Amino acid sequence: MTTVSVSSSGVTATDVVAVAREDAPVRLTTDALAAMATSRAAVERLAAATEPAYGISTGFGALATRHIPPELRDDLQVSLIRSHAAGMGPPVEREVVRALMFLRLKTLASGRTGARPLVAEAFVRMLNAGITPLVPEQGSLGCSGDLAPLAHCALVAMGEGEVLGEDGGARVPGAEALAAVGLAPVRLAAKEGLALINGTDGMLGMLVLAISDLELLCATADVTAAMSVEALLGTDQAFRPELHAPLRPHPGQAVSADNMMRVMAGSAIVASHRTGDPRVQDPYSCRCAPQVAGAVRDTISHAAAVAQRELAATIDNPVVLESGEVTSNGNFHGAPLGYVLDFLAIATADLGSISERRTDRLLDRTRSHGLPPFLARDPGVDSGLMMAQYTQAAMVSENKRLAAPASVDSIPSSAMQEDHVSMGWSAGRKLRRAVDNLRRILAVELVTAARGLELRAPLAFAPASGAVVAALRERVPGPGPDRFTSPELAAAEAFVATGAVVEAAAAVAGPIR
C-alpha cells in the first residue's frame with residue numbers, strides 16, 4: 001500500500017480516505033519536521049517571557065485571565081486534555097477517529113501550531129500501529145473545533161484514556177495499547193494541549209468520507225433509476241442530451257441523464273412500446289430523475305469545494321504566523337463545514353425519497369403496467385416485496401427528519417465566552433446515518449427493479465441492466481416464492497457499497513460518472 005506523506009502544505013481528500021478506510025501508512029516529510037521545529041522555537045520564546053500568552057502561560061476559554069507560573073505550565077496542558085476528554089455515548093466509528101487523527105496530524109505538520117515534532121510523530125505511530133482511541137459520540141459543539149473528540153485521542157497519546165479493541169467492541173486502556181506496540185506516552189509541553197484539540201478535524205473527516213460515499217451512491221442511483229424506468233415501461237427520450245445541457249446547464253443533471261440514457265440503451269423492453277403507447281409522459285419520479293440526482297451531484301461538488309479549502313487550512317488557536325507572531329483567531333468555528341454537512345443531508349434525503357417512489361410504483365399493479373402485485377409469484381399466497389418497501393419507506397422518513405439542519409442551532413458554553421457555536425459535529429453525525437440509509441434505500445430499489453425487469457420476459461432488457469442483474473443474482477436469488485427477505489436486502493446493500501452495481505453497468509455502458 002502506498003504511504004501517505006504529510007508535508008507542511010496539507011493533504012488531499014484521497015489521502016484522508018486512504019488512511020481512514022484502507023489503513024494506509026503515514027509518514028512526515030522533512031519539510032514538515034523543519035516547519036514544526038521553527039514554530040516550536042517561537043512558542044518557547046513566549047513561554048520564557050514574562051508577558052502572558054494565551055494557551056501558553058494562561059488558562060483557557062473563560063479561564064484565560066489566569067496567568068500560570070512556569071512550573072505549572074506542563075501540568076496545564078495535561079489538565080486541559082484530561083478535562084476536555086468529557087465525551088459520552090457510544091463510540092464513534094473507527095474510520096471517523098482515524099480521519100480526525102490524520103487531519104490533526106496534517107495541522108501539526110503545517111508548522112503553525114507550535115507543537116514539537118515528537119508530538120506529531122506520536123500520532124504517526126498510533127495511526128500506523130492501528131491504535132484507535134475510543135471517542136464517544138457526544139461532546140462536540142463544533143466550536144472551538146471538535147474539542148472533546150480530539151481530547152480523547154490526545155489522551156491516548158499521553159498513555160491514558162481507552163482504545164477500541166480489534167473487534168471494535170472491547171475496550172483497552174491507552175497505556176496498555178501503547179505498550180503492546182512498543183510506544184511510549186507523550187509528555188505534553190507548553191501550547192501542545194491546545195494544538196491537539198483546537199481543530200475542525202472531526203467535522204472535516206466526516207464530510208470527506210460522506211462525499212466519497214455520496215459520489216458512489218449518485219452513480220448507483222442513476223443505474224437503479226434507469227432500471228426502474230425500463231421495468232415500468234418508461235421512455236428514455238426524456239434523457240436525450242439536447243434536453244439537458246443546452247436548455248438547463250446544471251452540470252450534474254447532464255451527467256445523470258447521460259448515465260441513464262446509456263444504461264437503458266438497447267433495451268427491447270423500451271423498444272416494445274416506443275410506438276402506439278397511449279401514455280404521453282412518465283411520472284416525475286422517472287422523468288425527473290436526472291434533475292434530482294443532478295442537483296445532488298451539484299450539491300456534492302459545492303461540498304467538495306468547501307472540503308478542499310478546509311483541507312488546505314491550518315486550524316488552531318492561538319496560531320503561529322510565518323513572522324513568528326503567536327496570535328489568537330476564530331478559525332476553529334465550524335460554520336463552513338456545518339452548513340454543507342446539513343446541505344448534503346437535505347440532498348441525501350431527496351435522492352432516497354425519489355428512489356422510494358419508483359419502488360412503490362413497481363409494486364403497485366395499478367401503476368406498474370402489467371407487473372404482478374408486489375412482484376409476487378402467487379399474489380395472495382405470496383407477499384413478494386411488499387415489506388421491503390415498508391422498510392425503505394421507514395428509512396426515507398427517517399432521512400427527512402435527519403435533514404433538519406443542526407447548524408441553525410447554537411447554545412452558549414464556557415461561561416458565555418463561547419457564545420455562538422456551529423453544531424457541525426452533530427450535522428456530521430446525522431449525515432452519516434442518512435448516507436447509510438440511502439445506501440439501503442437504493443439497495444431495495446435495485447432488488448425491486450431487477451425483479452421487475454425479469455418479470456417482463458420474454459422481452460430482453462438493456463445489456464447494461466442485464467449485466468447488473470446478472471451480477472446481483474450471484475448474491476441475491478431472482479423471482480420465486482417468498483423467502484427470508486432481510487438477508488437478501490443486506491446482500492444487496494453490500495453489493496451497492498462495494499461499487500459493484502456501477503462497475504457492472506459501466507462494463508457495458510461505459511463509465512458511469
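**Interior packing and loops**

Tutor: Leaving aside residues up to four places away in sequence, M227 touches L446, A449, A450, L453, S465, V468 and V469, where contact means heavy atoms within 4.5 Å. This is a predicted model, in which local features need pLDDT of at least 70 and side-chain atom pairs count only at pLDDT 80 or more, while totals for chains, interfaces and linings use all residues. Residues are numbered from 1 along each chain as its sequence is written, and side-chain values use heavy atoms, with hydrogens and water left out.

M227 is one of the residues with the most contacts inside the largest nonpolar core, together with L28, F102, L105 and L207; that core has 148 residues. A nonpolar core is a set of buried Ala, Val, Leu, Ile, Met, Phe, Trp, Tyr and Cys residues joined through side-chain atoms within 4.5 Å. Buried means under 20% relative accessible area, exposed means over 50%, and partly exposed lies in between, with a 1.4 Å probe and protein chains only. Helix α9 (residues 201-231) provides the largest share of this core, 19 residues. Helices (H or I, at least four residues) and strands (E, at least two) are DSSP runs numbered from the N terminus.

Helix α16 (424-454) is largely enclosed by the rest of the structure, because 26 of its 31 residues are buried. The expected span of a helix is 1.5 Å times one less than its number of residues; for α16 this gives 45 Å, which agrees with the 45 Å between its end C-alpha atoms.

The loop between α15 (386-402) and α16 holds S422, which is buried at a relative accessible area of 3%. The S422 side chain reaches the backbone oxygen of G142 at 2.8 Å. Such a polar contact is a pair of N or O atoms within 3.5 Å; within protein, one must be able to donate a hydrogen and the other to accept it, and residues adjacent in sequence count only if both atoms are side-chain atoms. Beyond four places in sequence, the contacts of S422 include L141, C143, H333 and D409. C143 is itself joined to S144 by a cis peptide bond, with omega about 5 degrees, and S144 lies in the loop between β4 (136-138) and α6 (147-157).

M416 occupies the loop between α15 and α16. Although not a glycine, M416 has a positive phi of about 70 degrees, and at 53% relative accessibility M416 counts as exposed. K191, in the loop between α7 (174-180) and α8 (192-197), likewise is not a glycine and has a positive phi, about 80 degrees, but K191 is buried, at 0%. Most residues other than glycine have a negative phi, and most peptide bonds are trans. A further cis bond runs from N317 to P318, with omega near -5 degrees; P318 sits in the loop between α13 (289-311) and β7 (319-320).

Finally, L178 belongs to helix α7 and is buried, at 2%. L178 lies 22 residues from V156 in sequence, with 8.1 Å between their C-alpha atoms. V156 is also among the contacts of L178, as are M126, I131 and P185.
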